[in-house]
Amino acid sequence: MDLSNLHPLLLALLVLGGLALLFGAILGFAAVRYKIEGNPIIDQVDNLLPQTQCGQCGHPGCRPYAEGIANGEEINKCPPGGQETINAIADLLGVDAPELDAEHGAESDIPQVAYIREDECIGCTKCIQACPMDAILGSAKHMHTVIVDECTGCDLCVEPCPVDCIEMRDVEITLTNWKWQLPSPLDGVNQQTIIASDRSPNVEGDAA
Amino acid sequence: MSQLIYPLRGGVHPPENKQQSLQTKLQHSAIPAELILPLSQHIGAPAEAIVNIGDKVLRGQMIAEPNGPFSAAVHASSSGEVIAIEPRPIPHSSGLWGDCIVIRCDGEDRWVPRTETENPYALETDELLNRVRQSGIAGMGGAGFPTAVKLRPPATSPIDTLIINGTECEPYITADDVLMQQRSDDIIRGCALLAHMLGEPDNILIGVEDNKPEAIAALEHSLAHLDASEVPGIDHIKVVSFPTKYPSGGEKQLIQILTGKEVPSGGLPAHIGIVLQNVGTTVAIWEAIRYGKPLTERITTVVGESLKQQGNTLVRIGTPSAFVLKQFGFDEDRCARLIAGGPMMGFSLPDINAPLVKTSNCLLAPSHQEMPDPEPAQACIRCGHCAEACPASLLPQQLYWYAQAKDHDRLQAHNLMDCIECGACAYVCPSSIPLVQYYRASKGEIRQAAIDKEKSDRSRQRFEFRQKRIEAAEAEKEAKRLARKKAAEAAKAKAAAKPAPGSAPADPVAAAMARVQAQQDDPAEQLAKLERAFNNASNRAKSAEEKWQQAETDEQKAKLEARFKQAQVRMKDAETKLAEFKQSQNSSSLAVDSDDPIERAKAKAQQRLSMSPLEKARNTLNSLQERLKKAQQKAAEADEDKKGAMNAAVDKLTQKISDLKQEITDLQATAPGPGNESPVDPDSIEDPIERAKAKAMQRLSMSPTEKLQSSLKSLESRLNKSEEKLASADADQRPALETAVAKLQEKIATVKQEIREAEPSDNSPAASASEPQVVAAVEDAASAAIAKAKEKAAAQASMSPEEKRQAQVESLKQRIDKAQQRLDNAMAENNDNIDAFKLGLEKLQNKLAELEAE
């Protein structure tokens, strides 16, 4: 049958229908061939979370919270991550960054790590079981100690200790981890209320 | 000077203030009483101390070795004794203390033995590099980069240009200027040596700003008069002067000025084939290799209006700042603040006792007029001066905003990390915004964020690994549990399949037998189970009691009390069950005493009901053997006069055993397999009674005669039984049974004979007189019990199951009453058996409860 003899309308329908089928097949193939396992958003959010696994958000770990966020949960429930993490997640999800929800805890400026007063430790291994990081070393009836480099400061080990020998300590500032602090912001009260001629000569600034 | 100059983009022209320190000649600073040598005077890992407190050290002796490749050694700057290795104030912007080796100088200033090298140019590159490393040389321009690392560029980037930095662009500082004027020959020699180490690059340039004409002249003079034979490759060396501008002396800036090339962002000069060294470093290398002198001193500019005298001084590394300042007439009251380094890039010295280190090119002690406090910062007016001044072509204004917003992504996108912190932007800022401080803080935060990110990734890994491990452990546990469950089910099925189809499950005796058998399958397990049950019950009772006592409202209390009572009942239940089980375990062993032998014997007999005749015979054999042993023991222990009787009894038992053995073989012959016979023989209802009788007789018998009599009785009863059996037996079983009857009759005859023999041999007349009476009494009691039991058995046989149970309940009640009485009596007499009685009573009560429940 000569196609040119067909009615132009029918011909157009045939061509368009054929194209639709072709693209449908390509799309269908691509959907199967390049299928992404799991929700990529969960991974991305999980990447931004601080991985302390502290459970302050109400989830049993960072990944469950990432899943929660992917399912529409609030993004301001992570005190260890603080405002920076909230901003980063807001940036990722394209939403306005809310303030940290105080209900879940306060953001601390100085990172903390668990410290076991080893004299008092009775070797009960309760803290070892509680530590999500495997950052506590020891065995039954032997003194335990914290691997400081691996401790995320989640403080989950403090509560189970039957003799209360674990405390959270600020990470000590040494020459290797010291860093400059940002100058106090310009719009602070002090900066607004003084003029150049009546400020104290002791105010320090940059060498320049 | 034909060298092409590529003018620096950006930059500023702060007041130079270099004349103050050039008025006087170079001084030689005295050796202080104490030298403080920080272990970290360079970028990279701190050195590791290799001396101990109390060690005597000489000048130039290594006291701390490099810790890893990216580190530098530390040497004693003078001879003396190590008096401390401890944290001391160090010149660091943080104001933190760092580990230092403190040497008390002896004033003799003796050198360690040194090896001088006449012609260092003849040495191999590796040897030269090693010596540089061993000499603890780190970049003396201010950064403190370990020189040995810099001189070993990656093999992929051949070096075509060597630049010696004599720029010294920062105001006030003239240390390099003085060095170039005084040591120009050594700079040229060192420069040639560096070229030799780097594989003779084509271009060797010494860059000097045009504000140091004397230094340039000195270098030119050295170049002209030094001989090529003494300094190979001197012809390639060129001194280049260029217009003064801050910060021409920055590494990347100087490279750009002299070569027009730009060091890629995040890269090293070596990546574009360039190595750059400071003039001070060059001299230090020459000294170290030519004369074997490690880095122990440097020239430092000491300047500022709060000093009576300003100038340059050759100072031992480790000299406390206060010591040097004192030599220059330091007036603390006039000093605005003490600065280590120049006014643009230096930092406030946190402590006047902090020592001068390898990177200390200047000690600035300005007066208040000279360096007034910075103006308070105003708002940014977006004038854009900072962008014009930036020598790194960054956008300081944008960086400032992003730094305030802590927007690390945008900061990095705007190349914050390429900022050299020269301070040009802050210098030109009309609003006096401390821009550099923002950048430094942001850089620190970005680095920290990178470290945190790395740590959080590691944490995630650890956490996930832990989760996996726990899951695996749980799965293993679950699998084990399932396997156990399966095994238990299989065992149960096996146990259920065991009872022969012929047995009547309706028969309560048979059911009880099955229970007993099941229990005996694994007594240990059973015991453990019961103990567990008891422990659980008692725990529950305890917690219930606690709760009850803690309860507040009456309503709650009542509820909890009820619960507690219930728990208690349960606990008692478990306890009695446990005790019962333990007793039943004990009763299976023959040696155990019991306060109710007939009861025990009966139970045993009931147990035997389920056994085939063959098994029965075997059991009897066992018990007989046991008895034989006992009798033998007794015979051995007995008096001379009783021995005869004892021996007779032993003989008799032996005989019996052999008879029984015969019987067993007979039975085995007639019964091809065990279990062929129905476990419950209607006739065997008599058997328990007989056995009970025998047991009772055994328990009660005190003398061999009695024993013999009891055996006689038992034999007689067995004869009766056998005869009955014979009457009801099938034709094919008859011959075997007939022989058994005949044998029993024979045995009875022998036993009777024995009794007759035993009685006269008893030599005590009183005993022999009373014995028959005792025997008779015992026999009466035994036969009464037997009669009772017989009656009961008969009654039971004729009763329906309900009636049977009723009867059992009745009898149990009676027994409980009796037991109660016994217990009361025992308590009244304070008998030893109270506990046993109590236990028995409890057991009975329990049984009753069980029966009633049924």
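## Exercises on a predicted two-chain model

The contact between the chains takes 30 residues from chain A and 37 residues from chain B, two residues being in contact if their C-beta atoms, placed from the backbone, lie within 7 Å. This is a predicted model, in which local features need pLDDT of at least 70 and side-chain atom pairs count only at pLDDT 80 or more, while totals for chains, interfaces and linings use all residues. Residues are numbered from 1 along each chain as its sequence is written, and chains are lettered from A and ligands numbered from 1 in the order in which they are written.

**Exercise 1.** Sort by class the residues on the side of chain A that touches chain B.

*Solution.* Ala, Val, Leu, Ile, Met, Phe, Trp, Tyr, Cys and Pro count as nonpolar, Asp, Glu, Lys and Arg as charged, and the others, Gly among them, as polar. With these classes, the side of chain A that touches chain B has 17 nonpolar, seven polar and six charged residues.

**Exercise 2.** Describe the open sheet of chain B that contains strand E2, and follow the pairing of E2(B) with E8(B).

*Solution.* Begin with the order, which is E2-E8-E7-E4 in chain B, an open sheet of four strands with antiparallel pairing; strands (E, at least two residues) and helices (H or I, at least four) are DSSP runs, numbered from the N terminus, and two strands pair if DSSP finds at least two bridges between them. Next come the edges: strand E2 (34-38) and strand E4 (56-57) of chain B each have a single partner strand, so one side of each is left without a neighbour in the sheet. Then take the pair itself, in which E2(B) and strand E8 (residues 97-105) of chain B are joined in the antiparallel sense over five bridges. Within it, B:Glu34 has B:Arg104 as its bridge partner, and B:Pro38 stands opposite B:Cys100. Finally, four of the five residues of E2(B) are buried, that is, have 20 or more other C-beta atoms, placed from the backbone, within 10 Å of their own.

**Exercise 3.** Which residues of helix H2 (residues 40-48) of chain A are buried, and how do they lie around the axis?

*Solution.* The buried residues of H2(A) are A:Val45, A:Asp46 and A:Leu48. Seen down the axis, they fall within an arc of 155° (taken over the directions from the helix axis to the C-beta atoms), so they line one face of the helix. Their cover includes helix H3 (62-70) and helix H4 (82-93) of chain A.

Definitions and conventions: A residue is buried if 20 or more other C-beta atoms lie within 10 Å of its own, exposed if 12 or fewer, and partly exposed in between; C-beta atoms are placed from the backbone.
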